[in-house]
Amino acid sequence: QATALELDPRPHRRAPAMLCAVDAMKGVAARSRRVDPRDGLAATTRPRPEGAGRALRHRAAVSAAVLLVAAWSWGHGPRTAAVSGNACPPSADNLAVRAGAMGAKVDLSSAGGALSAMGAAADAALPITFWNSGSCPFAQRAWIALEEKAVPYKFVKVDLSAKSADFVAAYASVSPASNPQAKVPVVQTADGYTMIESDVVAEYLCERFPEYGTPLMPSSAEQRARVRLFIATFDQTLGGALVSLLRAGGDEFFEELAALEGHLQTLNKFLRSHTDGDGKGPFLCGGLFSLAEVHAAPMVQRMFVTLPHFKGVNLRTLLKKLGLGRLRTWFDAVLARPSVVKTGVPEQDLIRSFEQMVNS
């Protein structure tokens, strides 16, 4: 099993914390025998008393296996400390604490200090090359995820009217289409892994670099399912509401405005009934900024800029009128998030980009 994990070609299956536990497993056999210094050859060993080697192998295997589980859980739970926006990598001691919280006992001596290799696999994938036009709302999701994960990356601005050869080649290397039309975002790790599509990239970054930055997904399967349900609900409600309202005129405008109010009420109800996590934060998962917010933020930004400008619809006033306090808190927190602010398009540029659509 250790070898299978180590050789798995999918990078997100070889997270550094996992590899540390894999190293611990690989060291089990070596630590099940003792080299006698009186023997000139390192390969020469003296047998332990009958049963001793078996017991040691068992303890080491259990410790390594528990560390493997603890390492995995590290990438799916809250960090205990952070420096300059990057979460501190788990040491043998804090993984043992996490394993203890699972009700397991770990003999760190049997793990042989293998966790000192933590981070090597992730470092080999960095920095990331990130192709983006700088204005696409979909690519902004991947950009927000990069900022939240706090991994080193190189931003390569793409002119979509004159695409560079390396950008087109990177996109084509992943796209299943026979004649793909390259679009942003595209990310490529330093060890050569390339991926496209905004939500796929965001989730990949979350899984590939669990020990960096914000986790972006909560620890339990139930909470992660809730994040995915929110994303689906957002797409079914506000996902297409902005364009419909901006294009509407006359009586159709009032119909679309009524539809928008219904969508806002749906999301407010969702947040009130499904908010999880520590219960103290403004986001879907309490204090955890998750993939739910990563997905929704670009559209939320554009709604708060374009609706007042083109249609005279002030969303904060509308939310207050409808009594949707939970949704207003969520909107405000998303818009104020540093990663969202940094990756956003300046208001005047947004307005210019929407003018042609609104006036056509």
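**Entry 1: the sheet**

I began at F130, whose bridge partner in β7 is V187. The model I am reading is a predicted one, and I kept that in mind throughout. From that residue pair I went to the strands themselves: β5 (residues 128–132) and β7 (residues 186–188) pair in the antiparallel sense, over three bridges.

I then looked up the sheet to which these strands belong, and found an open sheet of four strands in the order β6-β5-β7-β8, with mixed pairing. In this order β6 (153–157) and β8 (194–196) stand at the edges with a single partner strand each, so one side of each has no neighbour in the sheet.

Next I asked which strands helix α7 touches. Helix α7 (residues 137–149) packs on the sheet with contacts to β5 and β6, and its direction makes about 150° with that of β5. I also recorded helix α9 (residues 198–208), which lies across β5, β7 and β8 and runs at about 135° to β8.

**Entry 2: backbone exceptions and a salt bridge**

Another cis peptide bond joins V184 and P185, with omega about 5°, and P185 belongs to the loop between α8 and β7. For phi, I noted E197, which is not a glycine and yet has a positive value of about 75°.

A search of the whole structure gives nine salt bridges.

**Entry 3: α13 and its two partners**

How is helix α10 oriented relative to α13? Helix α10 (residues 221–237) packs against α13 at an angle of about 20°, with the axes 8 Å apart, and that angle makes α10 roughly parallel to α13. The crossing of α10 past α13 is left-handed. On the α10 side I listed V227, F230, I231, F234 and D235, which meet L291, A292, H295, A296, M299 and V300 in α13. Sorted by class, this contact of α10 with α13 holds nine nonpolar residues, one polar and one charged.

I then followed α13 (residues 291–311) to helix α17 (residues 347–359), where the packing angle is about 60° and the axes lie 10 Å apart. These two helices, α13 and α17, are therefore oblique to each other, and α13 passes α17 in a right-handed crossing. The contact involves R302, V305, T306, H309 and F310 of α13, together with E347, L350, I351, F354, E355 and V358 of α17. By class I have six nonpolar, two polar and three charged residues for the contact of α13 with α17.

Methods. Residues numbered from 1 in each chain as written. Predicted model: local features only at pLDDT ≥ 70, side-chain atom pairs only at ≥ 80, totals over all residues. Heavy atoms only, no water. Axes fitted to C-alpha atoms, helices over the stretch in contact; angles between N-to-C directions. Parallel < 35°, antiparallel > 145°, perpendicular 65-115°, else oblique. Left-handed = near helix turned anticlockwise from the far one by under 90°. Contact = heavy atoms within 4.5 Å. Nonpolar A, V, L, I, M, F, W, Y, C, P; charged D, E, K, R; others polar. Pairing = 2+ DSSP bridges. Salt bridge = Lys/Arg side-chain N within 4 Å of Asp/Glu carboxyl O.
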